[in-house]
Each structure stands twice: as structure tokens, then as C-alpha cells.
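Welcome, and please open the structure in your viewer. We will go from one selection to the next, and I will tell you what is there.

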Amino acid sequence: MLIKSANASDVKSSEITPKSLFDARRQFLRTAAIAGVGFAAGSIAPPAFARTGRGKKLAGVQPTKWTQDSLGEDLTDYESITSYNNFYEFGTGKQDPALYAKDFQPKPWSVVVDGEVDNPGTYSYEDLIKPHKLEERVYRFRCVEAWSMVIPWVGLPLADLVKRLGPKNDAKYVAFETLNDPERMSGQRRQVLEWPYREGLRMDEAMNPLTLMAVGLYGEELPSQNGAPIRLVVPWKYGFKSIKSIVRISFTKDQPPTSWNMAGAREYGFYSNVNPGKNHPRWSQAKERRIGEFLKRPTLSFNGYEEDVAALYTGMDLNKFY
Ligand code: MTE
């Protein structure tokens, strides 16, 4: 993804690692580690083979109509979902979040709710989610960098949370912020983005039944590298809209500023709906590489969720509002 700093070269789109190369490199690192090969400082990233431990099982998770069977696609394996990440607060490399979020303690956690809302305040994570039933939903997840996964999320519909918080009539958008704490998030010591990471949705997008506040995956608590303890998942939009480790939810009258749009408005729009017909200025969006597969597959309009969400954009020119 585009980045403003002089270190842009380490995250250029041309360096999106195909899974085969990624695996080969990981295998090399594993083998080297087992063989006790040392790495000269700075010559290579620390080995990323540290297998992420499995999280705590979440209780009472309800099944939904969004199952693997109804989607008809294979799930991406747990290890790939938790070791190939974008989470710049922990570094810009795909393996950095699993490595550098390893010791991150997501709890205790609280979320500030403010702006145009009837029930503002600081909610503990538990108070925020306790009144809601957790659901499992298997969604496609499409990164703007043209790779994708199929992830069995656990979460609660954002619409239910929004209704409970009680937006006022003039709340037209919902804005989100990630924790800003360079002590705990080492990637924030570099100004690769303007921290905190920010995202936002129009109110009707937030209220769409597909939009999820995820707290887990594969039936377990979210690993830190995937945005513990609570993140957004908007399956018809490019992955960067799905902001991780949320500490603020604000109800606003105006369209809120969003991180990637601030970093490069020509490349990353506010809407960022998955659109195979609208290329990124530097690469095609017509196809994607499903992590774990070799051949690219065609990208689906709205990531395959067109029936559920196309009506949100009636009358809008989606080439202009990309
Ligand atoms: N949220 C925060 N706070 N920081 C980030 O760097 N990266 C985004 C999104 N949410 C990001 C974030 C991008 S670009 C993608 S593709 C997804 O998280 C990746 O989610 P995953 O690592 O769980 O697959």
C-alpha cells in the first residue's frame, strides 16, 4: 500500500508476497532456526516461524446463514490468517504483526463512544459486547493489494451495537479509531501513517446486516495481530476499511477523515467497495490471489455481496466515489 515515508520501498505493491514465496521463505527461516543459523543484525527480518498459539475458545457462539457451505468456498487455514497480516501499528511487513504483537495484552480494554449519540461514555470491552449474542460468519475478505482469504469470524452485528448506543438524527457517519500507544505498538514509533489509524462508514453501511464487529475467528478470541480485542469487518469493502483494535466509536454529522484516504486520496477512496472494474492507479483489481491457491481468481463485484449491498449506492457513480 502507498506509504509516505522514505521507507516506502518495503511495502510497494510489487512486493506483495505470493503465498508460494512466502511459504518458501518461512520454511527457510524455520530450517535455519532449527539448524541454529544466526542472523546478522539488520540483514534479514527476525524469523517469523513462531507459531501463533491458539486463542481462548468463545462460549455461546450462534451459527448463522453465513456458513462455509452457503459460501461454497474453502476456509483459509488458521495459520495463514494469523501470520500473514496488515497491521502497521506492529510493522509494515506481512509477518511483523504476528511477531511484534505477540506480547500485546489487549485486556483490560475500553472503548469511548462519543459524538451525536444518546448513550456516550467509556465502555469496558465486556460492557460493550455483553448484551449481544456472538455469531459465527464465514466471509470472503479481499485486501486492496489483490490477495484474499475466507475467514470464519465471530462477532456481533454492528447494527445491533449502533441501535443500543442510540445515534441522534443528525448522526450520518460512524467513525472508528485504533489505539494510539507507541509503547505497546512498536510500529507506531515510525510515522508510516498518521496515528491513530482511522476509518469510517456511512450510517446505512454501518447498519447493513453484513457489517460485523469481530471479536474472534475460528471460534476463538481474536489474536492480537488480527485486531484484538475488537475490530470491524466490512466484507464488501477492501480490507483496510476493517479497522483493528478499536478504542473509539464516534457518531458524526460529516464524513470522517480516514487513514489511507489521508495518506493517498487518489489511491484509496472513502468508500473502497471491492470493484473489479476500477483499477488501483498502480495495479489491476480484476483478479486476486486467494491465500493458499496458486492461480489467481476473478474478483467479484462487491466481493460477491452485490445482492446485499448494491442498493446502498443507487445513483452514485462508483468510479467517482471509489
Ligand atoms: N487496522 C489498523 N488499525 N491498522 C492497520 O494497519 N490494516 C488494514 C486492516 N485494518 C490495518 C487495519 C488492512 S490494509 C487490511 S488488508 C486488514 O486490516 C488486514 O486484516 P488481517 O491482518 O486480519 O487479515
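Start by selecting Glu-220. Leaving aside residues up to four places away in sequence, Glu-220 touches Arg-54, Gly-55, Lys-56, Lys-57, Leu-58, Tyr-78 and Val-215, where contact means heavy atoms within 4.5 Å. Before going on, note that this is a predicted model: local features need pLDDT of at least 70, side-chain atom pairs count only at pLDDT 80 or more, and totals for chains, interfaces and linings use all residues. Residues are numbered from 1 along each chain as its sequence is written, and side-chain values use heavy atoms, with hydrogens and water left out.

Now show the side chain of Arg-54 as well. A polar contact of 3.0 Å joins it to the side chain of Glu-220; such a contact is a pair of N or O atoms within 3.5 Å, and within protein one must be able to donate a hydrogen and the other to accept it, while residues adjacent in sequence count only if both atoms are side-chain atoms. Glu-220 belongs to strand S8 (residues 220-221). Helices (H or I, at least four residues) and strands (E, at least two) are DSSP runs, numbered from the N terminus. Is Glu-220 buried or exposed? Its relative accessible area is 9%, so Glu-220 is buried; buried means under 20% relative accessible area, exposed over 50% and partly exposed in between (1.4 Å probe, protein chains only).

Next, select Phe-141 in strand S3 (residues 135-142). Phe-141 counts as buried because its relative accessibility is 11%. The largest cavity has a volume of about 320 Å³, and of the 24 residues that line it, the closest to its centre are Asn-86, Phe-87, Arg-231, Gly-239 and Lys-244. On a 1 Å grid over the protein atoms alone, a cavity is a set of points where a 1.4 Å probe fits but cannot get out, and lining residues have an atom within 4 Å of a point. Select strand S4 (residues 147-157), which gives the most to this lining, with four residues.

Finally, zoom out to the protein chain, with its nine helices and 12 strands. Of its 322 residues, 54% count as buried.

Conventions:
1 Å grid on protein atoms, 1.4 Å probe; cavity = no way out; pocket = protein on both sides within 12 Å on 5 of 7 lines; lining within 4 Å. Points joined across faces, edges and corners; volume = space filled by probe spheres on them.
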